[in-house]
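Me: I'm new to looking at protein structures. Could you walk me through a few features?

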Amino acid sequence: MSLILLSNGIQAQDSAENKLGTWYMYNGSHKLSQKLDLKTSFHVRYFEFITEYQQEIYRVGLTFSPSKKWSFTGGMVYSITDTSYKTNQPNLYEFRFYQDVNLKDKWGLFNINHRVRLAQRFREQASQRKTTHRIRYGLFVNYPVSKKLNLYAFNEIFIKFAAKTFGQNRTGLGFFKQINRKIKLRIGYMHTKFSDAVSHRLQLGIILNTNHIKTKV
């Protein structure tokens with residue numbers, strides 16, 4: 001009996017909640033015209049630093065910016081998710097459409113971005129299909145420390161159109177480092193609160209911005 005209790009205790013301690021997982025991220029913004037941008041993204045996510053695969057996610061979208069403050073994005077996402085930690089469970093496959101509304105603001109030296117995102121999710125796991133919908137609101141704050149270094153913080157809440165409305169709440173902070181006109185690096189930490197669990201994630205990313213507007217000679 002003691003051995004059984006000890007074994008259960010070890011398994012309880014060795015959970016995903018006790019691990020510092022990592023998101024390896026690429027995000028791109030490619031200017032097509034004065035008001036249109038192509039958005040691209042690819043993430044690989046792990047329950048631990050570089051082991052225990054959790055998810056890969058691909059995103060593409062088109063952003064329309066009628067003004068410097070307002071922008072609207074529509075796009076698609078495809079993801080493959082291992083929903084378990086150190087157990088054998090069927091992967092979750094998801095295809096979704098999403099729509100963003102972004103409002104940029106400035107509070108003194110702080111750059112502010114409000115984002116509301118709707119998503120229509122088509123999910124399949126073990127031949128079981130399900131369609132769900134959710135909305136999320138994020139507040140993103142950026143503070144310039146120098147010309148090439150910015151601190152950031154954010155909080156984002158996810159609400160499901162279901163009986164249990166709360167999905168998750170993400171809170172994070174970190175910094176952006178400008179390498180050149182096109183490339184920026186991101187290093188940060190994110191804490192996520194679910195209805196019945198929490199997660200801790202290190203976020204390591206590269207951001208690529210390109211401009212494809214033809215300049216007049």
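Me: Which side chain does the side chain of Asn-169 make a polar contact with?

Reply: Keep in mind that this is a predicted model. The partner is the side chain of Thr-171, at 3.4 Å. Asn-169 itself belongs to strand β9, residues 166-178.

Me: Is Asn-169 buried or exposed?

Reply: Buried means under 20% relative accessible area. Asn-169 has 18% relative accessibility, so it counts as buried. Among the residues it contacts, beyond its neighbours within four places in sequence, are Ile-157 and His-191. The C-alpha atoms of Asn-169 and Ile-157 are 4.4 Å apart, though 12 residues separate them along the chain.

Me: What about His-43: which residue's side chain is joined to it by a polar contact?

Reply: That's Arg-45, with a polar contact of 3.0 Å between the two side chains. His-43 sits in strand β2, residues 36-46, and is buried at 8% relative accessible area.

Me: How do I read a pair of aromatic rings?

Reply: You describe a pair of aromatic rings by the distance of the centres and the angle of the planes. The count here comes to 12 aromatic pairs. Take Phe-95 and Phe-97: 5.1 Å centre to centre, 85° between the planes, edge-to-face. Phe-97 also pairs with Phe-122, with centres 6.2 Å apart and planes at 85°, so that pair is edge-to-face. This second pair links strand β5, which holds Phe-97, to strand β6, which holds Phe-122, 25 residues apart.

Me: Where does the charged end of Lys-184 sit?

Reply: Over the ring of Phe-176, 5.3 Å from its centre.

Key
Residues numbered from 1 in each chain as written. Predicted model: local features only at pLDDT ≥ 70, side-chain atom pairs only at ≥ 80, totals over all residues. Heavy atoms only, no water. Helix = DSSP H or I, 4+ residues; strand = E, 2+ residues; numbered from the N terminus. Buried < 20%, exposed > 50% of the residue type's maximum accessible area, 1.4 Å probe, protein only. Contact = heavy atoms within 4.5 Å. Polar contact = N/O pair within 3.5 Å; in protein donor to acceptor, adjacent residues only side chain to side chain. Phe/Tyr/Trp six-rings, centres within 6.5 Å; stacked < 30°, edge-to-face > 60°. Lys NZ or Arg CZ within 6 Å of the ring centre and 35° of its normal.
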